[in-house]
Amino acid sequence: MNELLEILTDLHPEVDFETEEHLIDSAILDSFDIITIISEIADTFDVVVPAKEIIPENFNSAEALWAMIERLEDGE
Amino acid sequence: MKKVLQKIVPTIVVVVLVLAFLQELLIPKYMTDIIEGAMIEEYYDSEKNHDVLFLGDCEVYENISPCRLWEKYGISSYVRGSAQQLIWQSYYLLEDTLQYETPEVVVFNIMSLMHAGPENEAYNRMTIDGMRWSSAKWNSIQASMTEDENALDYVFPILRYHTRWSELTSEDFTYLFHKDPVTFEGYYLRVDVRPVTHIPEPKRLANYQFADYPMEYLDKMRELCDKKGIELVFVKAPSLFPHWYDEWEAQVDAYAEKYDITYYNFLELAEEIGIDYTTDTYDAGMHMNLSGAEKMSDYIGAKLLEEHGIKDHRNDEAYVSVWEPKVEAYKKAIEDAIAEEAAKKQ
Amino acid sequence: MSFTSYEFILAVAAVLVIYYSIPKRFQWMFLLGASYVLYFSAGPSYLIFISITTLVTYLCARKISSLSKEKTAYLKENKATLDREAKKTYKEGVKKKQRLFLWGALFVDLGLLIGIKYTNFIIENINGIITSVSNMEPISYLDIIMPLGISFYTFQTVGYLVDVYNEKYEAQNNYGKFALFVGFFPQLSQGPISRYNDLSQTLYAEHRFDAKVVSFGLQRILWGYFKKLVIADRVLIGLKTLLAAPEDYPGIYFFVAMMFYAIQLYADFTGGIDITIGIAETMGIKVTENFHRPYFSKNIKEYWNRWHMTMGSWFTDYIFYPISVSGFMLKLSKKARKVLGENIGKRVPVYLATILVWFTTGIWHGASWNFIVWGLANCVVILISQELSPLYTKFHNRFDVEGKLWYKTFCVIRTILLMSALRMFDCYRDVTVTVKMFFSMFTTWNISALWDGSMLALGLNGTDYLIILFGVVLIFVVSMLQRKKQVRERILELPYPVRAAIWLALFVVVLLAGAYGQGYDESSFIYNQF
């Protein structure tokens, strides 16, 4: 989780990712950011995020992102 | 439900009134410049006791004067003419007229056989807009529309004239609810003179055969007259142009002979009735002025009495009371027009 | 099926009346019938194309969906006996089968679109090559008529297929219902590109007549016609003059054309969408919004998130994401990072995907180079501003301008000008002419054309300019008011006679000032001598 927060903070230092829950809905993250996050996740956690997982529910908060990573790690 | 009705009914009434008012305001009034647009509508105000109906384009409404026919022969007649009236429009005007009265003779000017199909939207509007609603009007619209036209523009003329809001003049307000007559029983009075100085060389045509479309309506007109017991008479006005080709004359002759229809060609009769092309036309040979029109009326009036069984009503009080004031107004208008013309010359 | 023809308006009125007079369970079926009748009347052969796309998509999506269901059932049943590896192998097998149907359907749908829309463009380019390098006979063009709305409904079906494949939702089992999703008539002339899970929420439901819903829909339609007929079609007259002979109108005229087109395109496109959404709304059907006050955007990226939104999100979801997170791209990114360094390397997938998206966006708008150049020009501007964003942040922090009204206004105007200039590629339809005309702005000084009467020689008179000005101001005011609350809601709060008068006034304005009908192009009702 900390590694994930690091990735996110690198991208947008001005955002408090621990509390923010509307990263997509409030247009904080744009499509470029999302791709960057996905490729960082691939590097750091060795998890491939398929296109079908790119939905607001998975990207709206750091917590949701983390949940998705754990789910994908499980191979479900 | 009652509440809804209380809201909806007044709303609809207001909307309809506003739109109807706008439509009346925007429709051209044709009262001063182009009075030809107001001719067709005028018929509905006339007394419907005509023995003779004249149908056709400017070669009729400029050349036959019903007031003269009354004055000289006691003939009750009306001219349902309009600018570039196409033959299908003449036919539907006949249908329209027959809803109100059945004349004994219909005189049709055959010039419009030269038009093969719908031609000009502006002329269509001037002939059709003035008609009252009936199947005849609807069919005339269908027969006359050019390719870009839409029948809905006739049903709701506001759609056609909507852009006129920026061009409205005092005329549109003055004649919003009532119009002045522009003709004398369909006759368009002109007293000015412009002599014939030069006759344009007729163009050679690729095809001299009248097209099927106008001929179809000529048949329809003949059949309708037959059915109603009306005698159909053809005329050709003495206009020097547009040129009347010999090939056309032959076709009309043949048709008239085949169906036993009387045909008066005033181009040939011009000399006999004394048309003087230096004094009797107001636009160098295309249309007759008063002098020319009265000569033509005199001739055709005599024929109508002698050969077509039309009655002289000058002793019939019912007719006299209708026609006397009309002739008076007609004479007054002639005097005024001559005075005006003289004033112009000075 | 032009929105501005009398026939269309009458047809919509008839559809609306029938829609609410028949039993509610038949409503959606009637809509399907009406859509097909209208579509047929636009072009009988169009029905063949839309039917092929509908049928193929329907069958393949159903198959994909049933395979998914089988899979879930199988996995549940054999939960105990299968180990992780076996599960994975089984899943892979199913995916493989599903992929076959996905690609099959995509091949047919996109094949039709590409075949119809791009064959002649491809031939043109091949001819360009063969005639310049050899003296071979050029290939003759095919005589193809493009079915109405094929770009829109194809994209809808593609989105649907991919979503079903990704198990976002199940395939529609009812063929009629699916056909209605593809062929819903208000959307066929200019979109928007609806998503199935979105449109299907209200499309098939039974709708009771609700005066508020219907009048809101009608109001939206009227507003759309105002934009289209009063503004767009009027500006178009002047714009056409400028575009017909570019060489006669250089310099300041290019700027005028830019502004004309900005107004015309906005009024025409958003007006058309208002009509589409309004028609659907009268029947209780919710169609996605396609615009979110785009001319208030502060940069191009924001502009593209607010203009033609359904297209933008379609490209993002179905092209940008799948490509940039594909295995190939991840591998490429890794390699690039090694070779080009961390900073540049990590940009490779995003950049490649962005370029591809804009190339496709360009060519989707039209099969010609000017559209491709236009798309790529947008792409370049977006990538540059992306690269400059750290600089912007520094600038903003240093001078504290962000949030200041004058700075926001400056950004908004800058964006409008930039977008208007780029758009001229699709105006002149010729890349060289557009570039030449653009630079003429700086070489030809004829600014006096703005006030010396030249503007009145473009086919628009003083009254026309006043109407356009009034229209633009009205749209601006409505947009400002809309930020807090829908204008229709605000009007609804007024006393009945006042709001009735407002809508009647708007109707009369459209009726009288609309640039429609017989002989509009003729300056007036002129008769010849007879």
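Start with burial in chain A. Of its 76 residues, 28% are buried. Buried here has a cut-off: 20 or more other C-beta atoms within 10 Å of the residue's own, with C-beta atoms placed from the backbone.

A word on the source. This is a predicted model: local features need pLDDT of at least 70, side-chain atom pairs count only at pLDDT 80 or more, and totals for chains, interfaces and linings use all residues. Residues are numbered from 1 along each chain as its sequence is written, while chains are lettered from A and ligands numbered from 1 in the order in which they are written.

Back to chain A. Four helices, zero strands. The order from the N terminus is α-α-α-α. The radius of gyration, taken over C-alpha atoms, is 11 Å for chain A. The globule rule, 2.2 Å times the number of residues to the power 0.38, gives 11 Å for 76 residues, so chain A is as compact as a globular protein of that length. Its C-alpha atoms fill a box of roughly 30 × 20 × 20 Å along the principal axes.

Now chains B and C. How many residues does each chain give to the contact? Chain B gives 25 and chain C gives 17. Contact means C-beta atoms, placed from the backbone, within 7 Å. On the side of chain B that touches chain C, α1(B) gives the most, with five residues.

That's the tour. Thanks.

Conventions
Contact = placed C-beta atoms within 7 Å. Helix = DSSP H or I, 4+ residues; strand = E, 2+ residues; numbered from the N terminus. Buried ≥ 20, exposed ≤ 12 C-beta atoms within 10 Å, placed from the backbone.
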